[in-house]
There are 2 protein chains.
Amino acid sequence: MINEFPAALLPCATRASYKPGGLIFRVGSPSKAVFFVEAGAVRLMRRGRNGEEIVLYQARAGEFFAEASIDSVRYHCDAIATEATTVLKTTSADLLRLIADDPVFARQWISLLAHQLRAVRTRVERLSLKSASERVRHFLLAGASGADGDVKVNGTLKDLARELGLTHETLYRTIATMERSGQIARRGDGFRLL
Amino acid sequence: MINEFPAALLPCATRASYKPGGLIFRVGSPSKAVFFVEAGAVRLMRRGRNGEEIVLYQARAGEFFAEASIDSVRYHCDAIATEATTVLKTTSADLLRLIADDPVFARQWISLLAHQLRAVRTRVERLSLKSASERVRHFLLAGASGADGDVKVNGTLKDLARELGLTHETLYRTIATMERSGQIARRGDGFRLL
DNA sequence: CGTCGCATTGATATCGCTCAAATCCGGTGG
DNA sequence: CCACCGGATTTGAGCGATATCAATGCGACG
């Protein structure tokens, strides 16, 4: 897995900084670049016809975003910095050149895309669950990476609610109910499945 | 986009046939191969804890599946033929060799993964919509490829319901309501957004 | 001709959404 | 240091949409 910006691309990359709420690109604009988050966080989102926010992806430090736009003409979503953020951006052309010239990098890039694909499919699976508590349980199972089984939540619970396809009120209530009935334990921003 | 099996892989590929309902691989078994559907259809699915089916992907003729398993140890879902199906299967090792040796194929494979990624993200967006009619509308907008704006539904409406994260009863009712109120038109297995 | 699965519609219950209000907490400016 | 502000968190009340259970028709297929 790539979690550093490839050195071979550094010469062609440009650095950009954004304030919280800053717009990086907009849905429908020509997709010329692929991005890498150096620091901060970026939210990829679209708006439904009623104006509700749909978060497609939340990219954090060390992650690429808009990776799939290499052979797409336009961006399919808005990209907005949720905090103070610096990104590196390369043109699709440069990236394609590196892929063509460097088989090792091509292999890494394929791994990256495959990993993303598995992650998004996991999310589809989660959103296919009909009950709120099942989604929370699925989330905790998938994220069970912490040593003691604790899952740390990045960002606010409100953000998590959006990721789970729930309103924040429902998520708060669901967490409270699951905690009371002894299904999960909570410690600060960490959760554990019991 | 790749819609034929790459000739360079043919020597290393093996062909297999399955009857309707035949099991191709099971969740948790070691992922050694990547598959290509020659004819028929394959459903990638998991089961929730209540036994309900969650369809992750429906692969049809000319499509790969389990593409993301190249650098994964185990399959994360079941693969089942929904009709009489023949597949070509290659080992991950052979595929990786081709990627390393043939930059043009590597490029095509990256396009394939990027395309899959966009498709799954579209589905996440759809599942994030809270109302049944919004999901139907979103589906028809995304699939608006037909000449006269008609979207042909592959498979049964029951399958579509699963893809939209709805029960089949709700989908039937939603379609009926939208048709009565003039939002969509229906002609056999084709639908149009008005 | 019987069976099986899809399509369709009805009745009902439940879960999550919506609107609303109160509290908490971190940051900011005076 | 304190007052204030905005956003997150939490809980309440009520409603509506969707799931669930149930029944029927229909076509395909053996």
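**Figure 1. Chains A and B superposed.** Copies are superposed by least squares on the C-alpha atoms of residues with pLDDT of at least 70 in both. In this predicted model, a rotation of 180 degrees, with 0.0 Å of shift along its axis, brings chain A onto chain B with an RMSD of 0.1 Å. That is the relation of a two-fold axis.

**Figure 2. The interface of chain A.** Of the interface residues of chain A, 100% are interface residues in chain B as well, so the copies meet through the same surface; contact here means heavy atoms within 4.5 Å.

**Figure 3. The fold of chain A.** Chain A holds five helices and 11 strands, which are DSSP runs numbered from the N terminus (helices: H or I, at least four residues; strands: E, at least two). Its radius of gyration is 18 Å, close to the 16 Å of the globule rule for 194 residues, so chain A is as compact as a globular protein of that length; the radius is taken over C-alpha atoms, and the rule is 2.2 Å times the number of residues to the power 0.38. Along its principal axes, the C-alpha trace of chain A spans about 55 × 40 × 30 Å.

**Figure 4. Contacts and burial in chain A.** Among the contacts in chain A with a separation of 6 or more, 70% are accounted for by residues 24 or more positions apart. Buried residues (under 20% relative accessible area, 1.4 Å probe, protein chains only) make up 49% of the 194 residues in chain A.

**Notes.** Residues are numbered from 1 along each chain as its sequence is written, and chains are lettered from A and ligands numbered from 1 in the order in which they are written. Local features need pLDDT of at least 70, side-chain atom pairs count only at pLDDT 80 or more, and totals for chains, interfaces and linings use all residues, while side-chain values use heavy atoms, with hydrogens and water left out.

Terms used
Buried means under 20% relative accessible area, exposed over 50%, partly exposed in between (1.4 Å probe, protein chains only).
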